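Have a look at it with me before you read on.

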Amino acid sequence: MNIPRLVPHDLRRSCARFCHAAGGELEQIQFLLGDVSVQATERYIGCKQRLRVAVNDRLGIGPG
């Protein structure tokens with residue numbers, strides 16, 4: 001199969017996005033890709049963590 005202009009990072013990006021769409025957690029995808037930082041994984045997925053809507057807010061857990 002000849003796919004023009006396909007580079008290895010295209011495959012990494014696709015893998016990351018498919019995993020994210022399937023419900024994979026950012027840290028799991030980071031580990032799968034071998035990324036050192038979560039920011040690198042966010043770039044592959046094209047998303048940012050929503051820290052204003054933290055999971056502990058839904059549980060009623062918080063500081064002080």
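My entries follow, from the whole chain down to single residues.

**Ground rules.** I noted that this is a predicted model, in which local features need pLDDT of at least 70 and side-chain atom pairs count only at pLDDT 80 or more, while totals for chains, interfaces and linings use all residues. Residues are numbered from 1 along each chain as its sequence is written, and side-chain values use heavy atoms, with hydrogens and water left out.

**The whole chain.** I looked up the secondary structure and found four helices and zero strands. Here helices (H or I, at least four residues) and strands (E, at least two) are DSSP runs, numbered from the N terminus. The pattern along the sequence reads α-α-α-α. I then checked burial: 20% of the 64 residues count as buried. Buried means under 20% relative accessible area, exposed means over 50%, and partly exposed lies in between (1.4 Å probe, protein chains only). For contacts (heavy atoms within 4.5 Å), I took those between residues at least 6 apart in sequence, and 26% of them join residues at least 24 apart.

**Helix H1.** H1 covers residues 8-21, and its 14 residues reach 20 Å from the first C-alpha to the last, close to the 20 Å expected at 1.5 Å a residue. That expected span is 1.5 Å times one less than the number of residues. After H1 I came to Gly 23, which has a positive phi near 100°.

**Cys 19.** This residue sits in H1 and is partly exposed, at a relative accessible area of 26%. Beyond residues up to four places away in sequence, Cys 19 touches Gly 24, Ile 29 and Leu 32. I also checked Cys 19 against Ile 45: the two are 26 residues apart in sequence, and 9.1 Å apart in space from C-alpha to C-alpha.

**H2 against H3.** How do H2 and H3 pack, and at what angle? I found about 95° between H2 (residues 26-33) and H3 (residues 38-45), with the axes 9 Å apart. Axes are lines fitted to C-alpha atoms, for helices over the stretch in contact, and angles run from 0 to 180 degrees between N-to-C directions. The two helices are therefore roughly perpendicular, a label for angles of 65 to 115 degrees. From H2, Leu 26, Ile 29, Gln 30 and Leu 33 meet Val 38, Thr 41, Glu 42, Tyr 44 and Ile 45 of H3.

**Inside H3.** Six of the eight residues of H3 are buried, so the helix is largely enclosed by the rest of the structure. I listed them as Val 38, Ala 40, Thr 41, Glu 42, Tyr 44 and Ile 45, and they pack against H1 and H2. Thr 41 has a relative accessible area of 0%. Leaving aside neighbours within four places in sequence, Thr 41 is in contact with Leu 26, Ile 29, Gln 30, Leu 33 and Asp 35. Just after H3, Gly 46 takes a positive phi of about 85°.

**The core.** Which residues make up the largest nonpolar core? I found seven: Ala 16, Leu 26, Ile 29, Leu 33, Val 38, Tyr 44 and Ile 45. Such a core is a set of buried Ala, Val, Leu, Ile, Met, Phe, Trp, Tyr and Cys residues joined through side-chain atoms within 4.5 Å. H2 and H3 each supply at least two residues of this core.

Notes
Angles under 35 degrees count as roughly parallel, over 145 as roughly antiparallel, 65 to 115 as roughly perpendicular and the rest as oblique.
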